[in-house]
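Have the viewer open as you read.

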Amino acid sequence: MSSEKSVYTFSFDELKDIFNAHLTTQAQISNYPIGFLSFRTKLILWIITICQKYHFRLETLYRTVSIFDRYISSRKVINFADIQQYKLIIIACLSISTKLN
């Protein structure tokens, strides 16, 4: 068993605080369209819920958000209306992230 902490060992609020702090250090934020940060926050909370449910490692959670951020920052147009589309993208990012662990 790895010594890496599982996302499950953190409370939801602790993880939310971790990612709020992480958000201020992201270089890709300057590339986001106006209004995307609140949308991104909702998506990150959903990622945290998924990672807690399946007991993923904290590293997997960070990597998933990083891959998602890099993908989104490369997009020119973002449709905020279709959250299901972004959840599908997150599942793909999560799949890639778990394979890299």
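A disulfide here is a pair of cysteine sulfur atoms within 2.5 Å, and the structure holds zero of them. This is a predicted model, where local features need pLDDT of at least 70, side-chain atom pairs count only at pLDDT 80 or more, and totals for chains, interfaces and linings use all residues. Residues are numbered from 1 along each chain as its sequence is written, and side-chain values use heavy atoms, with hydrogens and water left out.

| Residue | Relative accessible area | Class |
|---|---|---|
| C51 | 0% | buried |
| C93 | 5% | buried |
| F80 | 33% | partly exposed |

F80 sits in the loop between α3 and α4. Its C-alpha atom is 7.3 Å from that of F39, though the two are 41 residues apart along the chain. (Helices are DSSP runs of H or I, at least four residues, numbered from the N terminus.)

F39 belongs to α2, where the buried residues also include F36, L43, I47 and C51.

Now the packing. A nonpolar core is a set of buried Ala, Val, Leu, Ile, Met, Phe, Trp, Tyr and Cys residues joined through side-chain atoms within 4.5 Å. The largest one has 21 residues, and L15, L43, I47, L61, F68 and Y86 have the most contacts inside it. Elements giving two or more residues to this core are α2, α3 (58-73) and α4 (83-100), with α2 giving the most, eight residues.

Conventions: Buried means under 20% relative accessible area, exposed over 50%, partly exposed in between (1.4 Å probe, protein chains only).
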